[in-house]
Amino acid sequence: MAIECLVLGAGQEVGKSCVVVTIGGKRIMFDCGMHMGYHDCNRYPDFARILAAAPETTDFTSAISCVIITHFHLDHIGALPYFTEVCGYHGPIYMTYPTKALAPLMLEDYRKVMVDQRGEEEQYSYEDILRCMKKVIPVDLKQTIQVNRDLVIRAYYAGHVLGAAMVYAKVGDAAMVYTGDYNMTPDRHLGAAQIERLKLDLLITESTYAKTIRDSKHAREREFLKAVHKCVSEGGKVLIPTFALGRAQELCILLDDYWERMNLKIPIYFSAGLTIQANMYYKMLIGWTSQKIKDSYTVQNPFDFKHVCHFERSFINDPGPCVLFATPGMISGGFSLEVFKRWATSDKNLVTLPGYCVAGTIGHKLMSGKPTRIDIDKDTHVDVRCQIHQLSFSPHTDSKGIMDLTEFLSPNHVILVHGEKPQMAFLKDRIESELGMSCYYPANNETVSIPTTQNMKISATEKFITNCAALQARDSLQKSDLISSIHLSGVNEDERLAEGILLMEKSKAPKILCEDEFLKLLGTDRHSVQFEPLLPSRIEEAEAAIVDDLTSE
């Protein structure tokens, strides 16, 4: 049996994560994301390839055993309402409780930005989002789910964002883990990823920072705070483009604490009403946060920020310094783009990019080298005079974290997704040379076939078991003979060797027989061959007979 992995998204790129894995005839879709850098058919995975790989059916519900969503980020869930309500998948969908609670907020916020603000054609409606989420089955961490008779799944804590999970899946003896996005180090509001040591044929891991080893968290925090404080103390405005869930809460905790210690009166704003809802859920789901947050919760909820308040659109042109968190991250559209257009033209202002930006977004253009001009579209451009500050507050693990997790789980094979091709090639070489594991990094729409080890259950006849027990009893009485045989055969001292015949018949379970049982089954008698040593005189007689035969011919 083999594991077939069809990569529909995040193959040699970051965006629209979607991998369809076939194990023992069961197909699992891991994540169903969209690409933030595209606004055409490349935005979603090519779902038609699923049916092409499943000629036995013509609909997605029959082709896919289940869909598993690892977390609420759009590049992992953004295509789900389209897949269910437009493409017609009606099978089971699994995600954690926080993901189910927060995903509708992210999906609707994105839909409104794309349709209401950018005027794009609607891919799915708000009602579609609600209908999609009604199909979701929420799961808890380490809860074993029997999807059907053969398929078992289990979720593990991934860090990254609230509710993110790594997923274990098993069919028969074939087992694998799909990590989604994860973080191997704790931060201010989430703990580090946690998983058991499992026997795996395959690990599919994200590789966003395949070549990056980060500085200490405290050093990065100090650099970020120093840059922000310097800008506002000189009268500038700071734009922090971020998604409303995840890094937003992490950085709000950091700035709120710093403002309190430094007694700063400069306003910190959040642009999205969505964040008010998000913080409400963060307060409700406190059990999914870090231990430090849980401990402090008894005194004060850390998501009740003292210095962060709501931003009105009319504040954009107000004079004076401020810090603004604006959505979406990557400046891919929406309010963060609107603010960027206004503030980027002043050299007093600062745009700080706290995480990864996908190719094709304005955030990525800013990170690729400070440009003097950004073309928004064919009719709009922005002269960029502001300061650009890039600092990794990304919730993804770094290269060391990927290697540590891979070594800990010790799978037979590794597939890298959710990364850039040159960095993935570098990490593949490290995994193969340092850990001795086969590693692959397929492109989108490629399939990788992974061989699996298969254990076979074999029954034994009563007579065979009795003979084994008798052999063990005899060996215990002949300890000295056993020791001498150990040195000859190379077996461990506590092992016992027994001979039998493995019988495998079509449509029957395999079993082990004794030799005489097998002969009886065949209906034949035992045959034996005896060899006797030839005496020298007999050898001479045999040689003479052969010579005579040759001469007579």
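The crossing of α7 and α8 is right-handed, the near helix being turned clockwise from the far one by less than a right angle. This is a predicted model, where local features need pLDDT of at least 70, side-chain atom pairs count only at pLDDT 80 or more, and totals for chains, interfaces and linings use all residues. Residues are numbered from 1 along each chain as its sequence is written, and side-chain values use heavy atoms, with hydrogens and water left out.

**The helix pair**

Helices (H or I, at least four residues) and strands (E, at least two) are DSSP runs, numbered from the N terminus. The axes of α7 (residues 217-233) and α8 (residues 247-262) come within 11 Å and cross at roughly 65 degrees. Axes are lines fitted to C-alpha atoms, for helices over the stretch in contact; angles run from 0 to 180 degrees between N-to-C directions. Contact means heavy atoms within 4.5 Å. From α7, E221, F224, L225, V228 and H229 meet α8 residues including L251, L254, L255 and W259.

**The sheet**

Six strands form an open parallel sheet, ordered β14-β13-β15-β12-β16-β19. β14 and β19 are the edges; each has a single partner strand, so one side of each lacks a neighbour in the sheet. Neighbouring strands are turned by 25 degrees against each other on average, direction ignored. Two strands pair if DSSP finds at least two bridges between them. β12 and β16 pair over two bridges. V238 stands opposite L350 in β16.

Both helices touch this sheet:

| Helix | Strands touched | Angle |
|---|---|---|
| α7 | β12, β15, β16, β19 | about 140 degrees with β12 |

**Helix α13**

Buried means under 20% relative accessible area, exposed over 50%, and partly exposed in between (1.4 Å probe, protein chains only). In α13 (residues 399-409), S399, G401, I402, M403, L405, T406 and L409 are buried. Their cover includes β9 (165-171), β11 (202-206), β20 (413-417) and α14 (421-435). Just after α13, S410 takes a positive phi of about 45 degrees.

**Cysteines**

How many disulfides does the model have? The count is zero, a disulfide being a pair of cysteine sulfur atoms within 2.5 Å. C132 is buried, at 0% relative accessibility. C252 is buried too, with a relative accessible area of 1%.
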